[in-house]
Amino acid sequence: DKAEEKLKAALKTQPSNPLVLGELGRFELARNNRSGARKLLRRSLKMALEQKHHAAAVSAYLALVAANSKPPDNSRRLVMGRRFARLKKYGHALGIMGGAFKPDTEMEGLDLLLYEIAELFAGPLKDSGRAAAAYNLLRELFPHSPRSLDAEYQLRKLHAAGKA
């Protein structure tokens, strides 16, 4: 009861604080109030993204997944994937962005997600084979996307370096 009182008091004085919103959301989740938890955690995620508070955004996203919230749209996946990548949590980044590639999925933004995935493989993960595969898939699935031209350029760089 005291924890709830303190969190609600903190929320009154700091209604835009993503950490307070997130903690209150996790508290509601522990009380098995999934609906209330999702509402608070979505606000926490929104505030964290707006304030560029990476750790709070990651925390809110993971708590939302635990609360069985509906999956994010592709633009949110892109933002969250980039946040995880900045924190060097590449597995999480790939999981979030790759989760968009399912049957009957929203097509808007898939080219950007695929390009970001390829960039992670080409850059920090240093996996040229998977990077080349992702770039090629992007060119095949989205030939009219501006990202397709970027993928072509990156493939040429990989070939020139003898990595593809």
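**Exercise 1.** Find which residues Gln 154 is in contact with, leaving aside its neighbours within four places in sequence.

*Solution.* Start by locating Gln 154: it sits in helix 9 (residues 146–160). Helices here are DSSP runs (H or I, at least four residues), numbered from the N terminus. Next, look for contacts, meaning heavy atoms within 4.5 Å. The partners of Gln 154 are Tyr 115, Glu 119 and Tyr 135. Finally, check the surface: Gln 154 counts as buried because its relative accessible area is 16%, and buried means under 20% (exposed is over 50%, partly exposed in between; 1.4 Å probe, protein chains only).

A note on the model: it is predicted, local features need pLDDT of at least 70, side-chain atom pairs count only at pLDDT 80 or more, and totals for chains, interfaces and linings use all residues. Residues are numbered from 1 along each chain as its sequence is written, and side-chain values use heavy atoms, with hydrogens and water left out.

**Exercise 2.** Work out how many residues of helix 7 are buried, and which helices they pack against.

*Solution.* Helix 7 covers residues 110–122. Of its 13 residues, 10 are buried, among them Tyr 115, Ile 117 and Phe 121. These buried residues pack against helix 5, helix 6, helix 8 (128–141) and helix 9.

**Exercise 3.** Decide whether Lys 52 is buried or exposed.

*Solution.* Then read its relative accessibility: at 60%, Lys 52 is exposed. Notice also its positive phi, near 55 degrees, in a residue other than glycine.

How values were computed:
Helices (H or I, at least four residues) and strands (E, at least two) are DSSP runs, numbered from the N terminus. The expected span of a helix is 1.5 Å times one less than its number of residues.
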